[in-house]
Amino acid sequence: MSPELSPDLAHNFRRLQAQLRDRWATIRDARYGNTDILVVPSFSLDQQELQKIEGFLHYEERMLFSLIRLRNPRARLIFVTSQPLPSIVIDYYLQLLPGIPFSHARDRLLLLPIYDLSLKPLSQKILERPRLIERIKTALRPDCAYMVCFNSTALEQELSVRLNIPLFAADPTLLQWGTKSGSRQVFRDCAIPHPDGSLLLANQEDLVLEAARLWHRNPDLKRLVVKLNEGFSGEGNAILSLLPLDQSRQWALDQRQGYIRDRLPHMAFESPTETWESFQAQIQELGVIVEAFIEGETKRSPSVQGQINPDGSVEILSTHDQILGGPSGQIYLGCHFPADVAYRLMLHDYGQRIGEYLGKLGVLERYGVDFVAVAHPLPSGEVHWTLDAIEINLRKGGTTHPFMTLKLLTNGDYIAESGLFLGKQGAAKYYLATDNLQRDSYRGLMPTDLMDIIAHHGLHFDTGSETGTVFHLMGCLSEFGKLGMTSIGNSPEEAQRVHQRVIQVLDAETTGPYSDGSFHTHPIAPIVWHHSGD
């Protein structure tokens with residue numbers, strides 16, 4: 001990672017950020033604003049943590065929803081990637097734009113692959129290429145340009161200054177509020193319910209002591225969760241099981257410490273590649289927290305997403321029920337939109353309070369808050385749901401791209417009073433999205449094959465009815481058999497049916513009688529040869 005900026009560069013960054021307030025009216029006008037958008041989908045996170053995610057080098061494709069901003073005929077977009085994106089994938093997104101000729105949108109898009117698959121953040125790769133920086137500066141209109149990214153660090157901050165354009169993201173000096181320990185402090189200050197636990201711990205002995213104190217305060221606990229302070233997508237979490245009540249309730253603090261010290265190497269890690277040795281090393285590097293694991297016979301993992309605007313206003317964008325997996329259900333797999341009506345507006349309220357708090361600290365742009373919801377049956381037969389906040393993300397997350405895909409495709413509106421999203425035709429929209437549709441049988445499918453299947457079976461998004469499926473992470477398909485998609489319907493049931501139909505078709509195409517490629521249910525597209533001079 002790059003070092004902190006010098007005082008002069010930091011001053012210039014703040015000067016550039018101040019320009020966002022003046023440009024905000026243009027930026028938020030997704031239909032007619034005159035703007036240049038630089039998209040740098042850099043995962044500037046701990047690279048060791050990211051390697052736990054299969055195919056993470058392709059996750060830059062998550063931000064391809066940004067291409068839908070080209071539905072604004074006055075917008076131009078530069079998209080930088082580590083490796084070239086297949087032209088058929090780019091064509092797929094541009095064909096989704098309602099009312100915009102394909103050629104018109106393509107002329108306003110500049111793709112800049114840098115041909116570097118090394119395990120470094122994309123922003124760092126760009127900073128190492130001064131000629132590329134000059135090319136980007138030349139292509140941008142500085143009076144109406146801004147930069148967006150997956151998450152902001154000193155790397156993106158420096159890149160913003162080098163390009164002399166504002167970065168629409170949180171100042172990296174404020175990123176502590178998006179860590180596990182910073183999140184807990186915000187929840188406490190905002191009086192948001194959250195599990196009992198610790199703030200930041202710097203070493204193993206502190207972890208042992210605080211875990212023992214937590215257990216001592218809550219002798220009925222069955223499990224503790226230990227989280228790396230900057231873990232991603234649940235991959236940095238581990239579960240520590242405790243003794244049954246009758247054996248542990250009367251234990252003294254030092255006895256609890258001894259038990260926990262002995263059990264730490266045997267924790268259950270969410271990542272299948274994690275070991276105690278590697279986790280222990282990251283404790284020293286990143287720090288950890290420990291908190292009570294929330295039990296419950298019926299549990300869900302809802303979240304709320306908001307945006308802190310340059311003018312200081314806070315708007316709630318969406319709520320979701322997340323789909324989680326992994327050994328103890330902490331790995332993000334996908335989401336339903338919107339969250340259940342039973343707690344949807346409670347999420348909205350908590351999200352607004354947290355956003356206003358973060359805004360006063362100077363945080364900008366996207367934030368998300370994850371919760372655990374537990375159902376408590378009442379004697380009347382009704383169910384009471386409780387929410388506990390788990391973490392804040394000051395970055396684009398797994399729920400960002402499906403919602404922005406819906407919003408930009410339909411140009412609809414999120415209705416705060418109901419928590420619903422209405423398309424321009426007035427119908428409420430629902431979706432089921434995933435980053436993790438994965439089958440061994442899908443390996444070897446190339447984006448071209450996927451397009452053949454989509455076209456033959458009518459799986460594409462229909463701009464007329466505003467229903468259907470939008471695909472992403474297509475670059476993961478051939479090597480990893482992994483695909484992302486957002487299935488949109490006019491009811492939760494329709495979204496589920498659309499989603500299931502895609503899976504049924506893909507499974508039939510890859511495991512059925514035609515999966516060897518000899519006899520397909522659809523014609524194979526012929527290869528078209530182009531002369532190099534064309």
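Reader: At what angle do H8 and helix H13 pack, and how far apart are their axes?
Author: In this predicted model, helix H8 and helix H13 (residues 344-361) pack at about 110°, and their axes are 10 Å apart.

Reader: Why are H8 and H13 called roughly perpendicular to each other?
Author: Set the value against the cut-off. Angles from 65 to 115 degrees count as roughly perpendicular, and here the angle is about 110°. H8 and H13 are therefore roughly perpendicular to each other.

Reader: Which residues in H8 meet which ones in H13?
Author: On the H8 side you'll find Val186, Phe187 and Asp189, and these meet Ile354, Tyr357 and Leu358 of H13. Sorted by class, that contact has five nonpolar residues, no polar ones and one charged one.

Reader: What makes Arg188 partly exposed?
Author: Arg188 is found in H8, which covers residues 180-189. Buried means under 20% relative accessible area and exposed means over 50%. Arg188 has 49%, so it is partly exposed. Leaving out residues up to four places away in sequence, Arg188 touches His194 and Leu199.

Reader: What makes Asp206 partly exposed?
Author: Use the cut-offs of 20% and 50% again. Asp206 has a relative accessible area of 35%, so it is partly exposed. You'll find Asp206 in helix H9 (residues 204-217). Asp206 and Ile289 are 83 residues apart in sequence, and their C-alpha atoms are 9.8 Å apart in space.

Reader: On to H7. How do you know that H7 is largely enclosed by the rest of the structure?
Author: Nine of the 10 residues of H7 are buried, so the helix is largely enclosed. The buried ones are Ala154, Leu155, Glu156, Gln157, Glu158, Leu159, Ser160, Val161 and Leu163.

Reader: What covers the buried residues of H7?
Author: The cover includes helix H1 (7-28), strand S1 (35-40), helix H5 (122-127), H6 and strand S4 (145-149).

Reader: Why is Tyr115 counted as exposed?
Author: Exposed means over 50%. Tyr115 has 64% relative accessibility, so it counts as exposed. Tyr115 is found in the loop between strand S3 (109-113) and H5.

Reader: And what makes Leu473 buried?
Author: Buried means under 20%, and Leu473 has a relative accessible area of 1%, so it is buried. Leu473 lies in the loop between strand S17 (468-472) and helix H16 (477-480).

Reader: What is the phi of Tyr115, and what is it for Leu473?
Author: Tyr115 has a phi near 55°, which is positive, and Leu473 has a positive phi of about 55°. After H7 comes Asn164, with a positive phi near 65°.

Reader: Which residues does a cis peptide bond join?
Author: Phe337 and Pro338, with omega about -5°. Pro338 sits in the loop between strand S11 (331-337) and H13.

Reader: What is the mean pLDDT of the protein chain?
Author: The mean is 88, and 89% of the residues reach 70 or more. Over residues 516-534, though, the pLDDT is below 50. Where pLDDT is low, the predicted coordinates should not be read in detail.

Key: Residues are numbered from 1 along each chain as its sequence is written. This is a predicted model: local features need pLDDT of at least 70, side-chain atom pairs count only at pLDDT 80 or more; totals for chains, interfaces and linings use all residues. Side-chain values use heavy atoms; hydrogens and water are left out. pLDDT is the predictor's confidence in each residue, from 0 to 100. Contact means heavy atoms within 4.5 Å. Buried means under 20% relative accessible area, exposed over 50%, partly exposed in between (1.4 Å probe, protein chains only). Helices (H or I, at least four residues) and strands (E, at least two) are DSSP runs, numbered from the N terminus. Axes are lines fitted to C-alpha atoms, for helices over the stretch in contact, and angles run from 0 to 180 degrees between N-to-C directions. Angles under 35 degrees count as roughly parallel, over 145 as roughly antiparallel, 65 to 115 as roughly perpendicular and the rest as oblique. Ala, Val, Leu, Ile, Met, Phe, Trp, Tyr, Cys and Pro count as nonpolar, Asp, Glu, Lys and Arg as charged, and the others, Gly among them, as polar.
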